[in-house]
Amino acid sequence: MIRDPDTLAALLDNVARFVRERLVPHESEVEERDAIPESLVAEMKALGLFGLSIPEQYGGLGLTMEEEVRVAFELGRTSPAFRSLIGTNNGIGSQGIILDGTAEQKSRYLPRLASGELVASFALTEPGSGSDAASLSTTATRDGDDYLLNGTKRYITNAPEAGIFTVMARTDPNDRGARGISAFIVERGTPGLALGKADKKMGQRGAHTCDVIFEDCRVPSAQLIGGIEGVGFKTAMKVLDKGRLHIAAVCVGVADRMLSDALSYALERKQFGQPIAEFQLVQAMLADSKTEIYAARSMVLDAAGMRDDHRDVATEAACAKLFASEMCGRVADRAVQIHGGAGYVSDYAIERFYRDVRLFRIYEGTSQIQQLVIARNMIREARR
Ligand code: COS
């Protein structure tokens, strides 16, 4: 963990400069080619971006949650596709191993995830189970010393790039709920594991998702996370608590970028003889956006600090994700409005961002799931 303020300031500075000088100039190319240039991936590896939240003993930077969200604020200031590539190694792809894995599982996989040699994906969602994650139907049936996995996972981020998958599957066919689910680490190339064709998405070109299909995929029992059956759903929920905070931080960063683009445009663009930034109706959109970004940023930092203090942040992470992702959508909409006709054509980055940020309200739990988590926790607390 960095903790020392000067070291953290230097890291944030480095990331901000990398985003500004290396990533922003390649945004259009990534959009057009639907791919991040290999040279940039190599630079991201060299900067340690794949191992931000992986403990130092495994070669990562071991950032605290507060430090990680501060890095995410900076990484958010460019196309979300860049963040997405390193996102699963720092978040949902690796956290199951970090939080609940055995010592052997950690030492086998974490160093290669930290360096970026290996990309990890998180395979929870299925064709028939999205928000109702506990109803998943992929099975893992014990067969001697192995498990046989059968089922299909859908919209799996970074699956085309992944070297390992954290897979939630049902080990107890008699328990149709959360307690029948276990988590496994499945390596790419395992016979019986196949990938579907890459999804055509609304935005975030350069970030890839596809189906992951298991057909009698034989996985040794040593790949069961933590070596314990029946706790895979809890592992997934703990992973998502952290993931939601990270996504909330990215929303703050992207919103900040969209607002700064809108402000530059409003200062440049003249109508009725003056820059449109002089008009109070435009100022209202700028001011509301600034205020909401500040609110979301404060929420994210507060919740991150709570997590670093080892407090349960399921509610606060959901609040932060709900508010920050909805805020990001409103800022995107206002930023397009400020750009006027120019905001609707792809000469300006805002047209791309508007499509890219739509995903934030959906993945790692929709806004409605965040509302449900928050209200349920409130009710449970009140009844105690
Ligand atoms: N941390 C630890 N444990 C948790 C937890 C958390 N944040 N949230 C739930 N659990 C535990 C519960 O304590 C419960 O354990 P017990 O059976 O021992 O009591 C178990 O997990 C089941 O929880 P719950 O009863 O709340 O499950 P439900 O199926 O009713 O609902 C929701 C769970 C809807 C919150 C969950 O399915 C969810 O988050 N869905 C959205 C999935 C998602 O985000 N998908 C995105 C895919 S990844 S990009």
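Visitor: Buried stands for under 20% relative accessible area, exposed for over 50%, and partly exposed for what lies in between. With that in hand, which class does arginine 330 fall into?

Guide: The model is predicted, and in it arginine 330 has a relative accessible area of 33%. Because that value lies between the 20% and 50% cut-offs, arginine 330 is partly exposed.

Visitor: Which side chain does arginine 330 meet in a salt bridge?

Guide: Its partner is glutamate 292, and the N to O distance of this salt bridge is 2.6 Å. Glutamate 292 belongs to helix H9 (residues 280-308) and arginine 330 to helix H10 (residues 314-339), so the pair ties together parts that are 38 residues apart in sequence.

Visitor: And glutamate 292, is that buried or exposed?

Guide: Glutamate 292 counts as buried, since its relative accessibility is 14%, and buried means under 20%.

Visitor: How accessible are arginine 77 and aspartate 256?

Guide: Arginine 77 has 25% relative accessibility and counts as partly exposed. Aspartate 256, with a relative accessible area of 28%, is partly exposed too.

Visitor: What about arginine 355 and glutamate 351, where do they lie?

Guide: Both are in helix H11 (residues 349-356), four residues apart, which is about one turn of the helix. Glutamate 351 counts as buried, at 18% relative accessibility.

Visitor: Which residues do salt bridges with shared partners join into one network?

Guide: The network consists of Glu27, Arg257, Asp261 and Arg352. Glutamate 27 also has a polar contact of 2.7 Å with threonine 78, side chain to side chain.

Visitor: Where is threonine 78, and is it buried or exposed?

Guide: Threonine 78 is in the loop between H4 and H5. Its relative accessible area is 1%, so it is buried.

Visitor: Changing topic, what surrounds the ligand?

Guide: There are 21 residues around the ligand, and the closest are Ser131, Lys234, Asp241, Arg244 and Arg376. By class, this shell has ten nonpolar, four polar and seven charged residues.

Visitor: What are the distances from ligand oxygen atoms to the side chains of arginine 179, lysine 234 and arginine 376?

Guide: For arginine 179, an N or O atom of the side chain is 2.9 Å from an oxygen atom of the ligand. For lysine 234, the corresponding distance is 2.8 Å. For arginine 376, a polar side-chain atom lies 2.7 Å from a ligand oxygen. The ligand taken alone exposes 1000 Å², of which the protein buries 71%.

Visitor: Which elements give two or more residues to that shell?

Guide: They are helix H8 (232-268) and helix H12 (367-383). H8 provides the largest share, seven residues. In terms of domains, domain 2 (120-230) and domain 3 (234-383) each contribute at least three residues to the shell.

Visitor: Back to H4: where does glutamate 68 lie, and what joins it to lysine 242?

Guide: Glutamate 68 is in helix H4. A polar contact of 2.8 Å joins its side chain to that of lysine 242. At 2% relative accessibility, glutamate 68 counts as buried.

Visitor: Last one: how far apart are isoleucine 379 and valine 300?

Guide: They are 79 residues apart in sequence and 23 Å apart in space, from C-alpha to C-alpha. Isoleucine 379 is found in helix H12, and it counts as partly exposed at 44% relative accessibility.

Conventions. Residues numbered from 1 in each chain as written. Predicted model: local features only at pLDDT ≥ 70, side-chain atom pairs only at ≥ 80, totals over all residues. Heavy atoms only, no water. Near = heavy atom within 4 Å. Polar contact = N/O pair within 3.5 Å; in protein donor to acceptor, adjacent residues only side chain to side chain. Areas by Shrake-Rupley, 256 points an atom, 1.4 Å probe, with all protein chains shown as cover. Nonpolar A, V, L, I, M, F, W, Y, C, P; charged D, E, K, R; others polar. Domains from an automatic or database assignment. Buried < 20%, exposed > 50% of the residue type's maximum accessible area, 1.4 Å probe, protein only. Salt bridge = Lys/Arg side-chain N within 4 Å of Asp/Glu carboxyl O.
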